[in-house]
Amino acid sequence: MRPAEITAVAHRLVRVGSLVEARAAIAAAQTAGDRAELLSPPRCGGLFWRALLDAITAAPPTQPSPRGWLDAGDRPGAVLDGLAAGCQAFVLDEPAPAVLEQLSRQAAWQGALLLTRGQLTAAGRRGVLRDDSTQRRNP
């Protein structure tokens, strides 16, 4: 992704943990004319996140369609699990450079996006990326 795209994602990212929260975030994004960028709860499994995203897309289609980001935290293996589950976008803490390079290649090979928490923080989004399940949204 180009820096401008990362900045746009960072400023629209909303942490959601349920279908109700996801629908509210999508409605708010539509009202603003933006694409909803949904971030999973911390330590969320790829299968749960994929099921939630499937439930969202089973509803009448929204335009533009929301994108779901699996928050892999400090677990690089969660990216691989998420790829196996069919997830297409990931946020990961800063792993070792060799690990990041390998995961980036694997994600790209499967057509998925991978951003580090550092990239999003540098783009200006800090609060929603904290590992705090009580924080749902940031203004």
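**Exercise 1. Find the side chain with which the side chain of Asp71 makes a polar contact, and describe the surroundings of Asp71.**

Solution. Begin with the polar contact, a pair of N or O atoms within 3.5 Å, where within protein one must be able to donate a hydrogen and the other to accept it, and where residues adjacent in sequence count only if both atoms are side-chain atoms. By this rule the side chain of Asp71 is paired with that of Arg15, at 3.1 Å. The model is a predicted one, in which local features need pLDDT of at least 70 and side-chain atom pairs count only at pLDDT 80 or more, while totals for chains, interfaces and linings use all residues. Residues are numbered from 1 along each chain as its sequence is written, and side-chain values use heavy atoms, with hydrogens and water left out.

Asp71 counts as buried because its relative accessibility is 3%, where buried means under 20% relative accessible area, exposed over 50% and partly exposed in between (1.4 Å probe, protein chains only). Finally, look for contacts, meaning heavy atoms within 4.5 Å: not counting residues up to four places away in sequence, Asp71 touches several residues, including Leu39, Pro42, Val91 and Arg117.

**Exercise 2. Determine how well the span of helix H5 agrees with its number of residues.**

Solution. The expected span is 1.5 Å times one less than the number of residues. Helix H5 (residues 97–109) has 13 residues and should therefore span 18 Å, and the 18 Å between its end C-alpha atoms agrees with this. After H5 comes Gly111, whose phi is positive, near 75°.

**Exercise 3. Identify the backbone nitrogen that lies 2.6 Å from a polar atom of the Glu21 side chain.**

Solution. Glu21 is part of helix H2, and with a relative accessible area of 18% Glu21 is buried. The nitrogen in question is that of Gly17.

Conventions:
Helices (H or I, at least four residues) and strands (E, at least two) are DSSP runs, numbered from the N terminus.
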